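Open the model in your viewer and keep the selection tool at hand. The stops below go from pockets to aromatic rings.

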Amino acid sequence: MGKLRLFFAKEGRAVYISHLDLLRTFQRVFIRQGLVLRHSQGFHPHPILSFALPLSVGQASVCEILDFEVDADLDGAGLVPGLNRFMPEGVRALDCRVPVLPVRELAALRCRVELIYDGGVLAGAAEEVRDLLLGESVVIQKRTKRKAMADVDIRPLLHSLALSEEPGALVLEAVVSAQNPGLNPALLAGAVELRRPHLRPDFVQIRRLEVLDGTGGVFR
């Protein structure tokens with residue numbers, strides 16, 4: 001039996017596929033590829049596979065991770081082309097290999113957040129947003145596990161930030177904490193909307209670019 005780690009992209013219309021539907025999609029893809037997944041024990045066995053950091057609906061990514069176990073001694077080499085034959089539009093396998101690090105050592109995400117303005121970016125917006133997000137604290141309201149709203153300072157979870165302007169958009173390139181606790185990049189846009197309402201974007205696009213370990217290296 002082998003443990004494998006699949007790296008994949010989720011883009012285009014596929015960003016609207018829910019977590020559970022994506023899980024079912026991969027189960028079907030593995031079956032069509034001829035992979036026999038290892039199942040849990042007990043009265044209701046289920047395939048052993050899990051996403052490292054489930055992606056929010058509406059966000060794109062080129063660095064998603066799915067860990068799974070198969071009833072064969074495989075190292076993942078050569079599986080990617082076969083898997084991509086059965087993938088839905090917007091989902092694309094990038095690499096498959098034996099895991100190097102446990103998921104608990106996944107420390108950070110590098111991401112791109114686009115604040116899009118139909119009327120163009122206001123003069124001085126980049127400086128305002130930079131000063132806000134890199135200030136001493138950035139307190140926003142966030143829903144807790146008990147579904148209540150609470151004030152949370154997200155500043156300690158933002159490791160680095162670079163801003164640039166593109167036609168009609170303010171682009172944030174950020175490295176944020178991935179887990180324990182993690183920071184959803186959407187909360188960076190949420191902080192702008194809450195604390196600088198005159199800079200509220202008309203639309204927000206979020207894309208995960210890379211997953212990092214505790215040393216800042218690419219997580220594998």
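The tour gives a selection at each stop and then says what is there.

This is a predicted model, in which local features need pLDDT of at least 70 and side-chain atom pairs count only at pLDDT 80 or more, while totals for chains, interfaces and linings use all residues. Residues are numbered from 1 along each chain as its sequence is written, and side-chain values use heavy atoms, with hydrogens and water left out.

Select Leu53, Pro54, Ala178, Asn184 and Arg208: of the 14 residues lining the largest pocket, these lie nearest its centre. A pocket here is an open set of points on a 1 Å grid over the protein atoms alone where a 1.4 Å probe fits, with protein on both sides within 12 Å along at least five of seven lines; lining residues have an atom within 4 Å of a point. The volume of the largest pocket is about 300 Å³, a volume being the space filled by probe spheres set on the points.

Next, select strand E10 (203-213) and strand E5 (106-116), which each supply at least two lining residues of the second largest pocket. Strands are DSSP runs of E, at least two residues, numbered from the N terminus. E10 gives the most, with five residues.

Now select Phe8, Phe26, Phe30, Phe51 and Phe68, a cluster linked by ring pairs (centres within 6.5 Å).

Finish at Arg220, whose charged end sits over the ring of Phe7, 4.5 Å from its centre (the rule asks for CZ of Arg within 6 Å of the ring centre and within 35 degrees of the ring normal).

Definitions and conventions: Helices (H or I, at least four residues) and strands (E, at least two) are DSSP runs, numbered from the N terminus. Rings of Phe, Tyr and Trp (its six-membered ring) pair if their centres lie within 6.5 Å; planes under 30 degrees apart count as stacked, over 60 as edge-to-face and the rest as tilted.
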